[in-house]
Amino acid sequence: MVVADKLSAVFTDWTDRPLAFFGHSMGATIAFEVARRLESRGVRLAILFVSGRPAPSMPRRGHRVHLSDDAAVLAEMKKLSGTESQLLEDDDFVRMVLPVVRNDYKAIETYRYVPGPDVCSPVLAMIGDDDPKVNQAEAEGWRSHTSGRFDLRVYRGGHFYLNDHREAVNRLLVERLTAVTAPS
């Protein structure tokens, strides 16, 4: 994953302090791959937060949005409820973001997990209970990708459960970050 290679090079300069990553959806996979690369260089994250994404080794369920026509990509965006519906009705906005969104779908839909060392960092996975992109068993699969502590939190909602549970998620992140970075 080229983006993980580039990001891990950037974060190498930040290894003099505790690092924690939060990734939602495709960002969860990217955060995981960056963490793997950093750990291969001896840098362990304080914690890795992954959200709205099946474990990297989980088989994909027929996702081929990037090969669909524009109307189908737009329908997928609407289904996930992560973008204001008014914006998705604006032709100029849609023309501007559709190529980027399609490339994001291509990147994540063509990603293939390469078995090998995973991470030692603690992993906290979070999902919405009605997320069409990940179910609880798929999120639980993250457990096999860390030799550290693993926890799973399930919130009410879909793929963008974060929008409705911002305060609770923020409290949880602060709680976990404080626990893993507090002086011993």
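Predicted model: local features only at pLDDT ≥ 70, side-chain atom pairs only at ≥ 80, totals over all residues.
**Entry 1: burial of S2.** I began with strand S2, residues 47-51, and asked how many of its residues are buried. Five of the five are, so the strand is largely enclosed by the rest of the structure.

**Entry 2: side-chain directions.** Next I checked which way the side chains of S2 point. Ile47, Phe49 and Ser51 go one way, while Leu48 and Val50 go the other, and all are buried. A handy reminder to myself: side chains in a regular strand alternate between the two faces of the sheet.

**Entry 3: the S1 side.** I then looked up how S2 pairs with strand S1, residues 20-24. The two run parallel and are joined by five bridges. In this pairing I found Gly23 opposite Val50 of S2. I also followed the path between the strands: S1, helix H2 (residues 26-40) and S2 form a β-α-β unit, and it is right-handed.

**Entry 4: the S3 side.** Which strand pairs with S2 over four bridges? I found strand S3, residues 123-128, again in the parallel sense. Val50 turned up here too, standing opposite Ala125 in S3.

**Entry 5: over to H6.** Lastly I visited Ala137, which lies in helix H6, residues 136-140. Is Ala137 buried or exposed? Its relative accessible area is 54%, and exposed means over 50%, so Ala137 counts as exposed.

Technical notes:
Residues numbered from 1 in each chain as written. Heavy atoms only, no water. Buried < 20%, exposed > 50% of the residue type's maximum accessible area, 1.4 Å probe, protein only. Pairing = 2+ DSSP bridges. Right-handed = clockwise from strand over helix to strand, strands pointing away.
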